[in-house]
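I open these notebook entries with the sequence and structure in view. The entries follow in the order of my look-ups.

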Amino acid sequence: MDSTIATPCPSTPKWNVDRPFLTGRFHQETKSTSGVTESKGFSVDHFSSGVDKPIGCYHAAIQELIVIDDLLFALVGIEGRYTSIKRVRGKDNSIIFQVDASMDLALQDSAKRMFPLCESYLLINQFVESRSQFKTGLVNHAFAAALRALLLDYQAMVAQLEHQFRLGRLSIQGLWFYCQPMMGSMQALSIVIKKASANNFTGSAVLNLLQSQAKAMAGDHVIRSLLEKMTQSTSTAYLGILERWVYEGVIDDPYCEFFIAENKSLQKESLTQDYNAKYWQQRYSLKGDIPSFLANAAETILTTGKYLNVMKECGHNIQVPIAENSKLTSVGSTHHYLECIKAAYDFASGELLNLIKEKYDLMGKLRSIKHYLLLDQGDFLVHFMDIAREELMKKPDEISVEKLQSLLDLALRSTAAVADPCHEDLTCCVEQTTLLKRLSTLKDLEISQTVSSSSDLEEPVSITGLETFSLSYKVQWPLSLVISRKSLTKYQLIFRFLFHCKHVNRQLCAAWQLHQGLRRLDMQGIAISVSSLLCRNMLKFINSLLHYLTFEVIEPNWHVMHHRLQTAKSIDEVIQYHNFFLEKCLRECLLLSPVLLKKMERMKLICLQYAAATQWLITYSNDTPKTGTSSEGSPNAEQYKQLKLRIPSRIQKVASENATVIESILKFEREFTAELQSLGPILSSSSRAEPYLTHLAQWLLGVGRD
């Protein structure tokens, strides 16, 4: 993921490197690999110039004064006359203190006890200088500032000890006594610094290190308090970044230390264009280095800033009201900062939800989509199918989408849909593949059953616009957060299934009307009666399927979603409830069950083939002898006499055609009945895992029993 690229950091002046005596890193390097202080084999030449003779030449009392003087220098990182400081080559954090081997042994031991404090001071001082550079980030700057304040207290202590020494009131034991309280604190900080330097920690890693070390020192109240104070001071810079994010929705992070990353390559327009758009999930996202004290609130922090950014994108520069007691200034044990974050989240969530519900009328848009894409308001569809039938009968690549759009606009203006203020957002489109093939290309859908073979996904020899026609809907920002391209695609899948079922229903209704017109003309009544019974069963099947889809699936789930949206407390809950509604409708409409869907498509195909074949009945009825009735309602005797006079060959021809028509009808009946009966075991076995299939089985398996 492409995150925001920070502006180049200002460079540290070159003289800071060329003149090391200005930085505190002026100590000479030694080839020694041991970090242990050497105490033997050093001559006067190893120490500062101007030393005339070894310290061992002096009386013990004089040696003590010289050692105290050297140690006072060593405490602030400066070499003495008989004490030298060496840096191990290749190890920046390894420093060796060396004393004259001729020094009194007791004084040597006393000096060595002081050296860890001297080493800690050097490490801390060098860390402060290195972490004060621009590139190390705001957290390291704050940490260095806190350490610098501590070093000022330390240097004040050394100055007081030197003052006592000048007054002649300080012995080597007294020096050790007064330095002990600072010893533990400096060593604890040096441990933190070594870890931070070794891993080159920045940002939240420094905060986590300080917190973990404070917890590890739970047994030492003084050191723990010091580390907690350091954490407080260091976190101030981080909390400044956090405060701007949760109160203004702005990432003010010049050194990329914040745990939220912004991907500017993702634009909000992708929500209406790309099925796999990740704008809402990845425009702002969490990075791995989250401060431990914010880990539990990380998602809330991320969401709060996202909500504020959505409102900014809408032109509403709303800022969370900040009271004096709601500033994020510390991360103390009172967890006041968590209360401030929660308050900011509640405000941002409420404002965005009101904006989308009230100003942008989310529920109105969803109701409009339900009217058109879920066929809740069907009068416009009937009119559209009447006037667009000729165009929809063409192949998908021969259809003029512009003509369909004009016919759709005409249908909308000619029906009750014209009263809907959102009807102008409706558009039409024509897919190039069948519904089953389209479903197989959407990899993110949780399809419950795999297709048995690749032949199941083969396209029919010829498909028309009736199988591929779909409606679409224009959605503007910020409603595209809820009604995204992915959500619209799911609406379109449901629409295509419903639309084709409506088409099959219309064809069967036309066939049924034909039967009603021909029954009174049929003398023998065999073919018409058999066909009429089959047509009734097919109509019952498609009507039962449509009833299940609309009244058993869409309507109940819509009411559940509508109630949940009324009580939703954030836009994320709205998105979650809306997505759940679509997923549930897709599953219960059989669109995620390829075996059942293929079975339904096969049965609809049989119904369409049968409806198209009813023209045979017209031919048959034209060739079949017909009876007439007189004005009194009795059969026309003259026509009946003429019927008897027909030649036998003509009667035999009619009988042969009658048998052919009956055989064709019985073939359709056998195919339809076989498919319907094979549906029973599938629904029965699947209903154990998917209880909603029980309702479908009750509606469909009763077809034809009477």
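In which strand does S470 lie? I find S470 in strand 7, residues 469–473. The model is predicted: local features need pLDDT of at least 70, side-chain atom pairs count only at pLDDT 80 or more, and totals for chains, interfaces and linings use all residues. Residues are numbered from 1 along each chain as its sequence is written, and side-chain values use heavy atoms, with hydrogens and water left out.

**Entry: S470.** Setting aside residues up to four places away in sequence, S470 touches T427, C428, C429, Q492, F495 and R496 (contact means heavy atoms within 4.5 Å).

**Entry: helix 6.** I checked the length of helix 6 (residues 204–216): its 13 residues should span 18 Å at 1.5 Å a residue, and the end C-alpha atoms are 18 Å apart, which agrees. The expected span is 1.5 Å times one less than the number of residues. The buried residues of helix 6 include V206, L207, L209 and L210. Among what covers the buried residues of helix 6 are helix 4 (138–166), helix 5 (172–199) and helix 7 (221–248).

**Entry: helices 4 and 5.** I noted a packing angle of about 165° between helix 4 and helix 5, with axes 12 Å apart. Helix 4 and helix 5 are therefore roughly antiparallel (angles over 145 degrees). The residues that meet include F143, L147 and Y154 in helix 4 and L175, Y178 and M182 in helix 5.

Note on methods:
Helices (H or I, at least four residues) and strands (E, at least two) are DSSP runs, numbered from the N terminus. Buried means under 20% relative accessible area, exposed over 50%, partly exposed in between (1.4 Å probe, protein chains only). Axes are lines fitted to C-alpha atoms, for helices over the stretch in contact, and angles run from 0 to 180 degrees between N-to-C directions. Angles under 35 degrees count as roughly parallel, over 145 as roughly antiparallel, 65 to 115 as roughly perpendicular and the rest as oblique.
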